[in-house]
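Subject: Structure handover and notes

Hello,

Here is the structure I said I would pass on. Please open it first and then read the notes below it.

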Amino acid sequence: GINAEYGGHRESWNIIKKKKIMKELIFCICILFVSVFALTEGPSDYFSSSDAKALTDMVNSHQKSGAFLGNIGDTNYAVKILSSLGNSVHNKENVCEYAKKGLEGDLESIFHSVQVLANLGCLTDISHKTTDTITKGLDSESLLDLYHAVVTFKTLENNKISTTISLSDVYPAVSNIINLADSDKGTFKRIPGQDEGSVYYAGLAYSALAILYNDLPPEEKESVSGVFESISDVLSAGEEEDDTLFFSHQDNTVSRLRTTYALVRGVLALTKALGAEPQLTPAQVSQLANYFVKQKYTASIAEAQAFLGGLKVCNDDSFQRPIVLSLIRSSISSVAKGDDAVVKVRVTDLFGNSNGDNSVFLVKASSKAEGAALLSNQELRLSGEPGVYHLNFLATKPEPGLYVLHFRVTPADKTKWLTTEFLKTVKILSVVKVDEIEVSTSDRFEKEAADSKKITVLHNKVHSETIKVESFQSLHLKFKVKSASTGKGILVQQAFVKFTNKATHEDHYFVAKPATGKVYKLTLSVEKIATVLDNLSGDYAVSLLVGDSFVDNPFEWTFLNVNLQFEGTPTPKQDRSDGPKPIISHAFRPPAKLAPLAISSAFTLIVFAPLAVLFLGLTLVGGLNLKNFPLGTASPYALGFQASYGLILVLYYFFWVQLNLFQTLFYLAILGGVCLLCGTKTLQALAAARLKDKKPHNE
């Protein structure tokens, strides 16, 4: 019966295989094209020893009374993380006791508990109840139950724990798993009857089938091989973003990280079980590694275990493993010497370990702002430290700024490691100086000062005399910012001249702007800056401030003392200290003057006069009366109608004087309903009365 069932599976998978031949051919052609012409960029970072310590501390901080975060699932993930990092588990005995309690729970609890006990070496015999739960899971139609049962069974078997479960009990699980396959997309469904499958469940199915593959007879292995043929379709559902590759669960109940890890783990396990060629291309492995490494700062234990497991999958020797190139120092001063003047890179695997010998080339170095190539095809030399390479980039005398360095790493063993390219950004910092500042004064109608009025202040000096500047004069400053390494003039982002009042210690800033020849000039008319300086005549200290994001030595240089004379009246500002501020008094507009009471009352009577005329006219001329007012059982409805109608008029009044629109609509809904009900009953009573009057009297 089992063989017949598996024979049906073989036929269905053979049909699927034929349908997919063309797809796979096109896929292979695309992969070949990409591998030849595309840039395979490596992961942006690696999992360092400091990252491992931070992750260990995070996991240990969640342990309490033998459990991690109070549940067996997170305890399992925490133990796996600590074991992967080579760390011992604190309170191992308490953790084992806590896990043993989980053996009496449901199948998922048993799955996690067995994993914990196996990793800690404290797994012993299990009860008949636990065995029965596992056996039921092997017969289940739920993929989660099947996965948990298969993994648990195999863990018990590998740890030589005797159970009453035999391989014949496990074979139906393979059939049930394959029955959950979505033959169109290659994914797997959680339970029968679902509209579509998920790559997350596909990963779990691959892992379960890989665990059982070696124990299956040849006929059943062929059915599993049919599942393997659909992996390329599943991998095509990946999403690419910023040089990363990841997979999403159909309804987002499982995170992208855990979904991606489950899939790539299952793909690798099934590939190894079948002894097949890797289904993941080197470029995909590199993108996956880049995705996983960017998740290393997660605060969730379950997510952290998926991140670490995914990184280990990408570092598996079944693939051409990705290489990571990282800059040891991302900024260099233009006047640095020796070891500080070179660009240093470290070449490692995903866990910061050396990958052996490599050839590291700087393909091109170009300015990020201008795009012009500064250097190309330069080989980096191996430093004394393993895996560290260097290049004297300052030999090209680069200008301050950002530079994009394009590296190519070619490993000595190309069968194990992937030739990878990297784009890194280096900041070149300049040490600047101002050799001298030219200071001069001129009268109001002079464009510039005569040479006899010019003085020069040398760098880091203060002019010995205080210069007096009258209200009709202007002060001229001129200087040039130079690179200390090249002596050339450069432009900086910030060049300010600060005036500090020596009496009030208040600072005022003025921007110096570059003119021709990269010379900075500042002309200040005393008459025009009077309001800025509050017309406070007296002594001021003048300082030059130079700074830039690419300047390694921003500085402030006080170079001059001036005495400014203003004509206006001093207007010192209020105290700007951080103490209590004066209370702000708000003056509201006085209310408008109202009309006398007699006039307003007369106006009100005039407004309501037409309403009085209306009621009098209806009574005297129109014959308004209560003769037709319903009596008997209809009278309460008539009274209710009149009352509710009157209240609606009152509500209309309050809408204008007090209520907003939403409040009015709420009350109107209540009154309107009462008015409608009572009005309907009243009209029915009046109609009945008219019919009664029209009937002939019987004598």
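In which sense do strand 8 and strand 9 pair, and over how many bridges? Strand 8 and strand 9 (residues 373-379) pair in the antiparallel sense over five bridges. Two strands count as paired if DSSP finds at least two bridges between them. Helices (H or I, at least four residues) and strands (E, at least two) are DSSP runs, numbered from the N terminus.

Before the rest, two notes on the source. The model is predicted, so local features need pLDDT of at least 70 and side-chain atom pairs count only at pLDDT 80 or more, while totals for chains, interfaces and linings use all residues. Residues are numbered from 1 along each chain as its sequence is written, and side-chain values use heavy atoms, with hydrogens and water left out.

Val360 stands opposite Val409 in strand 12. Seven of the 10 residues of strand 8 (residues 358-367) are buried, so strand 8 is largely enclosed by the rest of the structure. Buried means under 20% relative accessible area, exposed over 50%, and partly exposed in between (1.4 Å probe, protein chains only).

Strand 10 pairs with strand 11 (residues 388-391) over two bridges, in the antiparallel sense. Arg381 stands opposite His390 in strand 11.

Another open sheet has five strands in the order 17-25-24-20-21, and its pairing is mixed. Strand 17 (466-469) and strand 21 (507-511) stand at the edges with a single partner strand each, so one side of each has no neighbour in the sheet. Neighbouring strands of this sheet are turned by 30° against each other on average, direction ignored. Within it, strand 20 (residues 494-501) and strand 24 (residues 538-547) pair in the antiparallel sense over eight bridges. Thr500 stands opposite Ala541 in strand 24.

Two helix pairs

Two packed helices are described by the angle between their axes and the distance between the axes. Axes are lines fitted to C-alpha atoms, for helices over the stretch in contact, and angles run from 0 to 180 degrees between N-to-C directions.

Helix 14 (residues 282-293) and helix 15 (residues 301-314) pack at about 155°, with their axes 9 Å apart. The contact (heavy atoms within 4.5 Å) is made by Val285, Leu288, Ala289, Phe292 and Val293 of helix 14 and by Ala306, Phe307, Gly310, Leu311 and Cys314 of helix 15.

Helix 9 (residues 167-179) and helix 10 (residues 199-213) pack at an angle of about 145°, with their axes 11 Å apart. Here the contact is made by Val170, Val174 and Ile177 of helix 9 and by Ala205, Ala208, Leu209 and Leu212 of helix 10.

Regards
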